Amino acid sequence: MKVNGKQVGGTVEPRTLLVNFIRDDLGLTGTHVGCDTGHCGACTVMVDGRTVKSCMVLAVQARGAEILTVEGLAQGDKLHPIQEAFWKNHGLQCGFCTPGLLMSGLYLLQRNPDPTDEEIRRGIEGNLCRCTGYVNVVKSVRAASKSMRKGGEGGARA
Amino acid sequence: MIPKSFDYYAPASLDEAIRLLGENEEAKVLAGGQSLLPMMKLRLAAPTALVDIAKLPGLSYVRDEGDQLAIGALTTHDSIEHDRTIKDRFTAINDAVVRIGDQQVRNIGTVGGSACHADPAADLPTVLLVLDAQFVIQGREGQRVVPARDFFVDVFATAVGHDEILTEVRLAYPPPRSASAYVKHSLREADFAIAMVGAAVTVGDGNVCRGVRIGLGSAGPTPLRATSAERYLDGKALDDDAIATAAEMAVEGADPPSDVHGSREYRMEMIKVLTRRSLKLAVGRVK
């Protein structure tokens, strides 16, 4: 499979979850394990351009796929517009849910570049945050929508 | 949480998948895995082998076939949600899929997977019963078509045999002046519903009912048709009184569980409320 643009491979037991392959085998620990029961969305990554919860997918199901994790968002020192927006709008507090929220936010904006607040709330329905309380998350996605539409390149990339 | 060990197969064809199922008695079919994998992680399910059909070609589509719409078993909930024909002609399906799980689940979870999992508290089985869907099942000897009323057999059990695979769900286009709706009640959005009801109606002159199907979920081991309420409404004007009476009759035959999410009595009352709402919503949608 390709992860963040890099070809990677490995042999795993069939029961290995995608999130464990990403974290333990590839060392990409930006993707978090939250509830491990498919509720919280902290482990959300993109598989072939669609968000999935990587604790609810087997690594073998993603063979040959293109995976995007939070580590693949920034380009060198330059944050992705959605990361920038979360940072500037206090869209995170403890940061545990953030990798998943960034993925869900980005996925929403790729399909709907100018969402309403209600559409943003629906877009992040699969991601639980226990501290920020969503208001600033929604604000951040709204800000990212603006900057990505202005910049253009952020939406096209990733 | 890690599932129990199992062998994993990724067959290249439907025939190979069916053969593998035949050779592995404890094997399960894996599609999106959004119901199966959580159960395996909790070790409520421990199949010795998974036959992953997700990458089999040609099983993900929504196709117009003249008098019916054909939906490939591997079509995701997200694709269904964005299908115009389904939204216009089979609105109850749209009502259901927009509230299935969350975006991540809808991106990978499939119609066929949900139907075959046959959780009595899941959304699609009830809706597919209400819409009188036909299920195309492929086996070693060829394919057979099973109507919805024979498809759901018991809790987590369908008419699909061990070495068979559901390949398609077919929906007959409803006659003119028909509409459908699906409503459910849960305490929190992502929870399994306490009660769920779908309704499909065809309306004639004078607002008279020319055909109705009412389906209940979470009201027994399989989704149920509220047949006495249906019989009562047939030929009657679909006004508030008739709908209210039908709603009272809808619980006949319903046998909802009593558990931490809701008592049996509460669920029975909610079935009546939701029957009324779904009928009114469906009637209001008739153009």
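How many residues of chain B are in contact with chain A, and how many residues of chain A do they meet? The answer is that 19 residues of chain B are in contact with 20 residues of chain A, where contact means that the C-beta atoms of two residues, placed from the backbone, lie within 7 Å.

Before I continue, a word on the source. This is a predicted model, in which local features need pLDDT of at least 70 and side-chain atom pairs count only at pLDDT 80 or more, while totals for chains, interfaces and linings use all residues. Residues are numbered from 1 along each chain as its sequence is written, and chains are lettered from A and ligands numbered from 1 in the order in which they are written.

Let us return to the side of chain B that touches chain A. The elements giving two or more residues to this side are β1, α2 (36-41) and α6 (103-108) of chain B. Helices (H or I, at least four residues) and strands (E, at least two) are DSSP runs, numbered from the N terminus. The most comes from α6(B), with 5 residues.

The strand β1 of chain B also belongs to an open sheet of 3 strands, in the order β1-β3-β2, with parallel pairing. Two strands pair if DSSP finds at least two bridges between them. Because β1 (7-9) and β2 (27-30) of chain B each have a single partner strand, they stand at the edges, and one side of each is left without a neighbour in the sheet. Between β2(B) and β3 (residues 49-52) of chain B there are 4 bridges, in the parallel sense. Within this pair, Ala27(B) stands opposite Ala49(B).

Elsewhere in chain B, which strand is largely enclosed by the rest of the structure? It is β11 (residues 178-185) of chain B, because 7 of its 8 residues are buried; a residue is buried if 20 or more other C-beta atoms lie within 10 Å of its own, with C-beta atoms placed from the backbone. Its pairing with β12 (residues 195-203) of chain B is antiparallel, over 8 bridges. There, His185(B) stands opposite Ala195(B) in β12(B).

Finally, I turn to chain A. Residues of α2 (81-88) in chain A, including Pro81(A) and Phe86(A), meet residues of α5 (135-151) in chain A, among them Ala143(A) and Met148(A). The residues of this contact divide into 7 nonpolar, 3 polar and 2 charged. Here Ala, Val, Leu, Ile, Met, Phe, Trp, Tyr, Cys and Pro count as nonpolar, Asp, Glu, Lys and Arg as charged, and the others, Gly among them, as polar.

How values were computed: A residue is buried if 20 or more other C-beta atoms lie within 10 Å of its own, exposed if 12 or fewer, and partly exposed in between; C-beta atoms are placed from the backbone.
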